[in-house]
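Please read this report beside the sequence and the coordinates. It goes from the whole chain to selected local features.

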Amino acid sequence: MIRKGKSRAGDNFKTDRWILSMFENWFDPCPYNPNFDIDGLNVEWVGNVFVNPPYSNVTPWIKRAIDHHNKTGHTVVMLLKHDSSTKWFRLIHENGGHILMVAGRLKHQRKGCSSFPSILCVFQDRE
């Protein structure tokens with residue numbers, strides 16, 4: 001994930017390869033980058049977007065995803081911690097986001113499993 005400024009230990013997780021393979025050629029404003037030298041919130045988002053945002057503060061990323069989807073009609077998929085007790089989780093529901101549960105725990109391209117469950121949040125027009 002890319003986040004300009006200081007990094008936090010819980011912000012820098014690689015996306016599992018099986019998830020990345022579903023979103024090949026999608027724009028990713030926040031690809032894994034240990035240097036945190038680009039601010040993905042302040043770049044232009046184009047087309048369909050997949051983002052694995054910094055987990056310490058996902059709210060601005062969710063707001064940006066909603067805005068991008070509403071303005072362009074493009075699909076936005078976000079990989080997030082599963083935490084239904086948060087304000088940002090409610091924001092997803094209030095704005096028509098779909099929640100897809102990830103079975104098991106992700107590995108984030110490591111040997112061990114994550115300490116938390118994950119979801120895919122999808123902003124896409126209903127047909």
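The sections below describe a predicted model.

## Chain overview

The chain contains 3 helices and 4 strands. Their order along the sequence is α-β-α-β-α-β-β. Of the 127 residues, 40% count as buried. Among contacts between residues at least 6 apart in sequence, 62% join residues at least 24 apart.

## Helix 3 and its surroundings

Helix 3 covers residues 87-94, and its buried residues are Trp-88, Phe-89, Leu-91 and Ile-92. Viewed down the helix axis, these buried residues fall within an arc of 155 degrees, so they line one face of helix 3. The face turned away from the buried side carries Lys-87 and Glu-94, both exposed.

Several elements take part in covering the buried residues of helix 3, including helix 2 (59-72) and strand 2 (76-81). Strand 3 (98-101) and strand 4 (118-123) also belong to this cover. After helix 3 comes Gly-96, which has a positive phi near 80 degrees.

## Packing of helix 2 on helix 3

Two packed helices are described by the angle between their axes and the distance between the axes. For helix 2 and helix 3 the angle is about 10 degrees, and the axes are 10 Å apart. Since angles under 35 degrees count as roughly parallel, helix 2 is roughly parallel to helix 3.

On the helix 2 side, the contact is made by Thr-59, Ile-62, Lys-63 and Ile-66. Helix 3 contributes Trp-88, Leu-91 and Ile-92. By type, the residues of this contact divide into 5 nonpolar, 1 polar and 1 charged. Trp-88, Leu-91 and Ile-92 are also listed among the buried residues of helix 3.

## Thr-75 and Asn-48

Thr-75 lies in the loop between helix 2 and strand 2. Its relative accessibility is 12%, so Thr-75 counts as buried, the cut-off being under 20%. Leaving aside neighbours within four places in sequence, Thr-75 is in contact with Trp-26, Gly-47, Asn-48, Val-49 and His-69, and also with Val-122, Phe-123 and Gln-124.

Asn-48, one of these partners, sits in the loop between helix 1 (17-20) and strand 1 (49-51). Asn-48 counts as partly exposed, at 30% relative accessibility. Not counting residues up to four places away in sequence, Asn-48 touches Trp-26, Phe-27, His-74 and Thr-75. The C-alpha atoms of Asn-48 and Thr-72 are separated by 9.3 Å, with the two residues 24 apart along the chain.

## Asn-25

Where is Asn-25 found? Asn-25 is in the loop between helix 1 and strand 1, the loop that also holds Asn-48. The phi of Asn-25 is positive, near 70 degrees, in a residue other than glycine. With a relative accessible area of 82%, Asn-25 is exposed.

## Cysteines and disulfides

A disulfide is a covalent bond between the sulfur atoms of two cysteines. How many disulfides does a search of the whole structure find? The search finds 0 disulfides.

Is Cys-30 buried or exposed? Cys-30 is buried, with a relative accessible area of 1%. Cys-121 is buried as well, and its relative accessible area is 0%.

Note on methods: Residues are numbered from 1 along each chain as its sequence is written. This is a predicted model: local features need pLDDT of at least 70, side-chain atom pairs count only at pLDDT 80 or more; totals for chains, interfaces and linings use all residues. Side-chain values use heavy atoms; hydrogens and water are left out. Buried means under 20% relative accessible area, exposed over 50%, partly exposed in between (1.4 Å probe, protein chains only). Helices (H or I, at least four residues) and strands (E, at least two) are DSSP runs, numbered from the N terminus. The arc is that of the directions from the helix axis to the C-beta atoms. Contact means heavy atoms within 4.5 Å. Axes are lines fitted to C-alpha atoms, for helices over the stretch in contact, and angles run from 0 to 180 degrees between N-to-C directions. Angles under 35 degrees count as roughly parallel, over 145 as roughly antiparallel, 65 to 115 as roughly perpendicular and the rest as oblique. Ala, Val, Leu, Ile, Met, Phe, Trp, Tyr, Cys and Pro count as nonpolar, Asp, Glu, Lys and Arg as charged, and the others, Gly among them, as polar. A disulfide is a pair of cysteine sulfur atoms within 2.5 Å.
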